[in-house]
Amino acid sequence: MKYFFLTEGWTVGRIWGVNGLWNEISWRRKPDIQRLSICLVEKQEVMWLYRVEDEVMMVEVKPLEEADQERPFAQVVLKRLMDADQVLERLSTVAAICQMPSAQNANHHNS
């Protein structure tokens, strides 16, 4: 599994796999992307931890509100996804970690 943190208010856009842009027809399914129940708070910004399957190589993320003029970026492509050890290291360096009860955990399967 691979992981990434995504700021609250942002969403997953396009996905790239080992053979390029994810093609649901070829794969016969959407990529497995799940928001986990762990987030971190840094500089008053909440960032949720997401888990993706190993076949995912890159993830495009973008703000939910595309017309929001206060955001400096329209989209970002995450090219370096984290492994579990890197996630633990990152969580150990932040001042605040939050956790949502698993019953309320929202799973996202975006593409």
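Which residues point one way from β1, and which the other way? In this predicted model, where residues are numbered from 1 along each chain as its sequence is written, local features need pLDDT of at least 70 and side-chain atom pairs count only at pLDDT 80 or more, while totals for chains, interfaces and linings use all residues. Side-chain values use heavy atoms, with hydrogens and water left out.

K2, F4 and L6 point one way from β1, whereas Y3, F5 and T7 point the other way, and all are buried, buried being under 20% relative accessible area, exposed over 50% and partly exposed in between, with a 1.4 Å probe and protein chains only. In a regular strand the side chains alternate between the two faces of the sheet. Because 6 of the 6 residues of β1 are buried, this strand is largely enclosed by the rest of the structure.

The chain has 2 helices and 8 strands, which are DSSP runs numbered from the N terminus (helices H or I of at least four residues, strands E of at least two). From the N terminus on, the elements follow the order β-β-β-α-β-β-β-β-α-β. Of the 111 residues in the chain, 35% are buried. The chain exposes about 7300 Å², of which carbon and sulfur atoms supply 48%, as given by the Shrake-Rupley method with a 1.4 Å probe, where for residues only the protein chains shown count as cover. Among contacts (heavy atoms within 4.5 Å) in the chain with a separation of 6 or more, 70% are between residues 24 or more positions apart.

Strand β1 runs antiparallel to β5 and is joined to β5 by 6 bridges, two strands being paired if DSSP finds at least two bridges between them. L6 has W48 in β5 as its bridge partner. T7, located in strand β1 (residues 2-7), counts as buried at 17% relative accessibility. Leaving aside neighbours within four places in sequence, T7 is in contact with E45, V46 and M47. The side chain of T7 also makes a polar contact with the side chain of E45 (3.2 Å); such a contact is a pair of N or O atoms within 3.5 Å, where within protein one must be able to donate a hydrogen and the other to accept it, and residues adjacent in sequence count only if both atoms are side-chain atoms.

A further arrangement is an open sheet of 4 strands in the order β3-β2-β6-β7, with antiparallel pairing. Its edge strands, β3 (20-21) and β7 (76-78), each pair on one side only. The antiparallel pairing of β2 and β3 extends over 2 bridges, and G17 stands opposite G20 in β3.

The largest nonpolar core has 17 residues, of which F4 and V59 touch the most other members; a nonpolar core is a set of buried Ala, Val, Leu, Ile, Met, Phe, Trp, Tyr and Cys residues joined through side-chain atoms within 4.5 Å. Two or more residues of this core come from each of β1, β2 (10-17), β4, β5 (45-52) and β6 (56-63). A second, separate core of 10 residues includes L40, L49, L91 and V94.

The structure holds 1 disulfide, defined as a pair of cysteine sulfur atoms within 2.5 Å. The disulfide joins C39 to C98, with an S to S distance of 1.6 Å. This pair links distant parts of the chain, C39 in strand β4 (residues 33-42) and C98 in strand β8 (residues 96-99), 59 residues apart. C39 is buried, with a relative accessible area of 1%, whereas C98 counts as partly exposed at 23% relative accessibility. The torsion about the S-S bond of C39 and C98 is about -120 degrees, so the disulfide is left-handed.
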